[in-house]
Amino acid sequence: QEQPLDMRSGATLAWLRSYLIATYGDSMAAAIKNGSFLVDGIAATDDDTPIGAQVDVLPPFAGG
């Protein structure tokens, strides 16, 4: 699901994590803990990563 978000200048991945958890609660916290982020198509793990034009939140994937 796509959701536009008006972010403040200089927003980071840490800010986005906090925003998503505050907005969507425990289920989002669990998805973020075990999932991953793509910032403008590139995997991002560092909380200091600046937010780009597009961020994808990827839930954990099952498989093997």
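W15 is partly exposed, with a relative accessible area of 21%, where partly exposed covers the range between buried (under 20% relative accessible area) and exposed (over 50%), for a 1.4 Å probe and protein chains only. Y19 is likewise partly exposed, at 27%. This is a predicted model, in which local features need pLDDT of at least 70 and side-chain atom pairs count only at pLDDT 80 or more, while totals for chains, interfaces and linings use all residues. Residues are numbered from 1 along each chain as its sequence is written, and side-chain values use heavy atoms, leaving out hydrogens and water.

A search of the whole structure finds one aromatic pair, and W15 and Y19 form this pair, which is stacked, with 5.5 Å from centre to centre and 15 degrees between the planes. Rings of Phe, Tyr and Trp (its six-membered ring) pair if their centres lie within 6.5 Å, and planes under 30 degrees apart count as stacked, over 60 as edge-to-face and the rest as tilted. Both residues lie in helix α1, four residues apart, about one turn of the helix; helices (H or I, at least four residues) and strands (E, at least two) are DSSP runs, numbered from the N terminus.

The strands form an open sheet of three, in the order β2-β1-β3, with antiparallel pairing, two strands being paired if DSSP finds at least two bridges between them. Because β2 (42-44) and β3 (55-58) stand at the edges with a single partner strand each, one side of each is left without a neighbour in the sheet. Strand β1 (residues 36-39) is joined to β3 by four bridges, and F37 has V57 in β3 as its bridge partner. Helix α1 (residues 13-24) packs on the sheet, touching β1, β2 and β3, and its direction makes about 125 degrees with that of β1; such angles run from 0 to 180 degrees between N-to-C directions, and axes are lines fitted to C-alpha atoms, for helices over the stretch in contact.

The axes of α1 and helix α2 (residues 26-34) come within 6 Å and cross at roughly 145 degrees.

The largest nonpolar core has 10 residues, among them L20, M28, I32 and F37; a nonpolar core is a set of buried Ala, Val, Leu, Ile, Met, Phe, Trp, Tyr and Cys residues joined through side-chain atoms within 4.5 Å. Its largest share, three residues, comes from α1.

Terms used
Contact means heavy atoms within 4.5 Å.
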